[in-house]
Amino acid sequence: MEVGFRSWSCALRLPFLLCASLLLAGAFVACGEDDSGPGSLTVYSGRSEELVAPIIEQFADAMGIQVDVRYAGTAALAATLLEEGGNSPADVFFAQDPGGLGAVEDLLEPLPQSVLDLAPEWARSPEGLWVGTSGRARTLVYNTENVTEADLPDDIGGLTDPKWKGRIGWAPTNGSFQAMVTAMRSRWGEDATRDWLEGIQANEPIVYPKNTPQVAAAAAGEIDVGMVNHYYLHRFLAEEGDSFKARNYHPRGGGPGALVMVAGVGILSTAGNKDNANRFIEFLLSLAAQQYFASQTFEYPLVEGVVTQRGLTPIEEINNPLITPREMADLEGTQALLRDVGITP
Amino acid sequence: MGAMQTTVPQTGGLLRRMLGLGGVPHAGRRRAPAVLWLPSVAVAIAMVLPLVYLVERSLDGGGEVVGLLWRMRTAEIAFRSAALVAVVTVASALIAAPLAWLTVRTDLPLRRFWSVVTVLPLVIPSYVGAFLVVVALGPRGMLQGFLESLFGIERLPDISGLWGAALTITLLSFPYTLLSVRAGLWGQDPALDEMSRSLGLGQWKTLWRVTLPQMRPSIAAGSLLVALYTLSDFGAVSLLRYETFTWAIYLQYETAFNRALAAGLSLVMIAAALSLVVLEAQARGRSRYYRAATGAARPASLVQLGPWRWPAFAFAAAVTALSLGMPLALLAYWAVRGIAAGETVELLWGNALNSVYASGLAAVVAVLAAVPVVVFTLRYPGRVSWVVERLAYTGFALPGIAVALALIFFGARFATPLYQTLALLVFAYVVLFFPQALGAIRSTYLQVSPRLSESAMSLGKSTTSILWRVTLPLMVPGMLAGGALVFLTAMKELPATLLLSPIGFGTLATSIWAAAEEAFFARAAVPALLLVAVSAVPTAFLILREPRRGQ
């Protein structure tokens with residue numbers, strides 16, 4: 001209680017001074033930044049800084065363009081774009097998955113055919129609003145001590161076999177998983193997909209929030225098989241070495257369980273730097289950038305003539321069912337089904 | 001001898017009369033000066049923005065939202081959220097109240113060291129904490145590996161669900177209660193304790209019957225923060241697979257892209273949160289906690305723990321080991337392993353500076369805004385101040401993403417020059433974390449006798465000058481504690497930082513997230529360690545600035 005006026009002013013003088021000088025510094029910084037001239041590009045990237053910052057930097061250096069990037073989750077950025085509406089400072093939306101691009105389709109501008117043609121047809125928007133930039137495969141990650149590839153079913157449909165009871169992991173709230181279910185509904189039909197979901201439920205799968213913890217759990221033997229995207233394994237291998245007790249298996253029979261999905265990019269119709277935006281997309285689909293994705297982020301390139309990373313199953317060996325974005329458009333139907341079966345609330 | 005039951009004098013305000021809210025003004029009522037009610041109303045307007053946005057968004061969905069809320073097992077989610085909040089709040093109070101008393105009032109060995117390190121778990125982002133808990137205590141985690149080598153145990157019971165989530169959030173959020181109780185203890189009138197002992201009550205009975213009841217408002221204030229933090233946490237409940245409101249709300253944003261339903265759920269959650277706020281006000285009670293006697297207050301003398309020193313020491317050490325030691329050890333292990341495997345790891349000093357800068361500004365602004373709100377709501381109760389006080393908690397009780405989107409909605413439309421500037425980011429932090437400053441400052445203000453300002457007034461001082469010269473200095477411990485809380489939580493804030501910061505403004509929290517999201521553990525561990533280290537400096541500064549005793 002004995003804090004008189006003198007010690008009060010002592011106690012707070014330093015923070016106040018600090019604050020005042022910080023504000024002043026902030027004002028100076030603010031004055032320095034105003035360069036949304038012709039030589040710039042603003043990217044909203046749902047792809048992680050860890051993955052794409054180096055390649056974006058290469059683009060900026062090569063073109064002499066000032067590139068500003070906002071990194072956040074794909075869904076959060078999609079919501080941001082929708083709230084910003086016409087006032088968005090973004091030129092380009094670089095999304096982790098087609099779902100994010102689909103959510104903002106009303107805000108996107110059709111891409112020139114020359115840009116669209118850089119990627120194969122299965123890897124772009126049916127309306128020409130966005131184009132894929134790199135691929136990732138759905139896969140089964142398995143524990144190498146308890147399971148061999150021979151034990152694993154030809155098709156992901158086989159995981160409903162009771163012998164997998166209590167041994168499966170999945171992440172039913174994950175966007176990539178839901179994309180796979182959408183692909184199932186398109187290829188297998190609604191009823192077969194529902195049967196499969198119920199069959200997996202009957203096998204009492206362990207539920208994970210996303211992919212990474214499943215890969216860790218598979219290596220630890222907490223689960224024997226997990227349904228994930230392929231590249232997380234390679235990051236673990238890079239950090240923990242070959243003794244890491246998990247590997248990927250791409251269902252040899254193909255089907256929705258061997259689905260290859262894309263990350264993609266689109267241009268906002270309110271973009272102020274459309275030429276630079278087009279240049280950016282062309283660059284992402286250039287040989288140099290595709291080689292970067294293949295060798296640095298363990299992803300699959302979408303153009304010919306790129307060498308894939310050692311240890312990665314070559315895309316030709318994956319029995320890719322070539323499911324088009326049009327077939328994967330009905331995300332809402334998938335969510336309704338998952339709710340109906342009682343998998344998500 | 002508990003606190004005496006006297007009510008705070010009822011006084012109406014000018015604003016009430018202006019807005020036609022109050023009844024007939026009583027003779028002798030003082031009006032709230034503009035220096036109090038203006039900032040209070042400004043705070044209320046800031047806090048109402050997320051609510052306006054959420055109502056607007058859920059109306060977008062129309063009847064669909066109501067139908068889905070009905071279908072979505074909302075009652076079950078509400079029940080699960082309530083269970084988690086209850087467990088975490090009680091557990092945090094059981095850890096924090098004894099720890100606060102031990103570090104403030106006793107001769108616990110290394111008292112000042114424990115004071116600093118027990119606050120630091122607050123800066124560990126909850127998704128990091130939860131991931132570490134899973135790695136350490138999961139069915140096939142590190143503990144299991146250790147037990148397997150000793151006893152051949154092949155699998156531990158699954159920690160996910162209520163208990164795992166509760167453990168994680170408790171370890172990360174008990175410092176809320178701790179800091180609040182510490183500030184409260186500094187302000188308690190030691191004369192009560194001394195009188196009690198002189199009346200022959202003994203050290204322990206005094207603790208139980210005098211000190212503890214006096215700690216009630218600060219335990220309640222801290223517990224409210226813990227409860228609201230628990231309600232709005234996403235990281236821990238998602239990794240430990242416990243489905244709460246916030247989990248359901250994120251699900252709508254992240255995988256369904258359904259902003260209308262997310263907004264509807266958020267509104268339901270806010271209703272739940274406001275009931276907690278009312279509960280806290282009840283727990284605080286109408287008792288009086290300020291010094292009654294005349295004469296100068298002195299610092300309390302330290303309680304001699306005697307043989308209890310070492311059990312108390314062990315308790316402080318155990319809490320520290322679990323909440324801070326274990327996470328730091330694991331992070332260091334990852335960092336070293338990654339570097340040994342040839343990964344390049346950078347020390348992100350630029351990001352560290354950004355974190356400290358933005359969080360520091362947020363702390364100062366939040367404290368400066370909270371002081372008038374505290375004085376206004378406590379000294380001038382009425383409908384306006386009732387509303388202001390309830391609204392103050394909305395930001396903290398909502399998932400960060402909902403608040404961020406609300407400010408994007410308003411910022412991009414109506415504050416375009418400020419949109420995506422540091423000013424808006426700091427504003428977002430204040431909206432999110434305001435109650436932390438409010439609670440801490442209120443606890444100390446409750447200990448300021450209104451007679452002090454009354455007597456100053458009788459000496460002819462103006463209300464404003466009394467506030468500045470008499471009331472404010474007495475609130476310094478609460479201001480420091482509140483500022484520390486805002487600072488530490490802003491340091492780890494993620495959703496608003498990602499979406500609202502100036503473009504290219506990386507913080508430690510964003511770089512931890514970026515690396516962890518892609519399973520680059522070494523690259524996530526290094527900034528996480530840096531986050532704790534950088535936060536330790538101002539925390540130590542604040543803690544060591546608390547009034548010293550025995551001089």
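Chain A of this predicted model has an average pLDDT of 86, and 89% of its residues score at least 70. The confidence isn't even along the chain, though. Over residues 1-19 of chain A the pLDDT stays under 50, and the model gives that stretch 26 contacts beyond four places in sequence. Residues 22-37 of chain A are also below 50, and there the model has 8 contacts beyond near neighbours in sequence.

Now for the overall build of the two chains. Chain B goes another way, with 26 helices and 0 strands. In chain A, 53% of the 345 residues count as buried, while in chain B buried residues make up 57% of 551. Take the contacts with a separation of 6 or more: in chain A, 76% of them link residues 24 or more positions apart, and in chain B the figure is 83%.

Next, look at where the two chains meet. Chain A puts 54 residues into the contact and chain B puts in 64. On the side of chain A that touches chain B, the elements giving two or more residues include the helices α1 (5-32), α2 (49-63) and α3 (74-84), along with the strand β2 (66-71). Further along chain A, α6 (175-188), α8 (211-220) and α9 (231-240) are also among them. Which element gives the most to this side of chain A? That's α1(A), with 9 residues. Sorted by class, this side of chain A has 28 nonpolar, 16 polar and 10 charged residues.

Finally, head for the inside. The largest nonpolar core has 291 residues, and the ones touching the most other members are Phe93(A), Leu228(B), Ala362(B), Ala366(B), Ala428(B) and Phe434(B). The top contributor to this core is helix α20 of chain B (residues 422-445), which gives 17 residues. Why does the core lie between two domains of chain B? Because domain 1 (50-292 + 303-342) and domain 2 (345-551) of chain B both give residues to it.

For a close-up, pick Phe434(B). Leaving out residues up to four places away in sequence, Phe434(B) touches Val43(B), Ala366(B), Ala369(B), Ala370(B), Ala392(B), Gly395(B) and Phe396(B). One of these partners, Ala366(B), is also on the list of core residues that touch the most other members.

Notes: Residues are numbered from 1 along each chain as its sequence is written. Chains are lettered from A and ligands numbered from 1 in the order in which they are written. This is a predicted model: local features need pLDDT of at least 70, side-chain atom pairs count only at pLDDT 80 or more; totals for chains, interfaces and linings use all residues. A nonpolar core is a set of buried Ala, Val, Leu, Ile, Met, Phe, Trp, Tyr and Cys residues joined through C-beta atoms within 7 Å. A residue is buried if 20 or more other C-beta atoms lie within 10 Å of its own, exposed if 12 or fewer, and partly exposed in between; C-beta atoms are placed from the backbone. Helices (H or I, at least four residues) and strands (E, at least two) are DSSP runs, numbered from the N terminus. Domain bounds come from an automatic or database domain assignment. Two residues are in contact if their C-beta atoms, placed from the backbone, lie within 7 Å. Ala, Val, Leu, Ile, Met, Phe, Trp, Tyr, Cys and Pro count as nonpolar, Asp, Glu, Lys and Arg as charged, and the others, Gly among them, as polar. pLDDT is the predictor's confidence in each residue, from 0 to 100.
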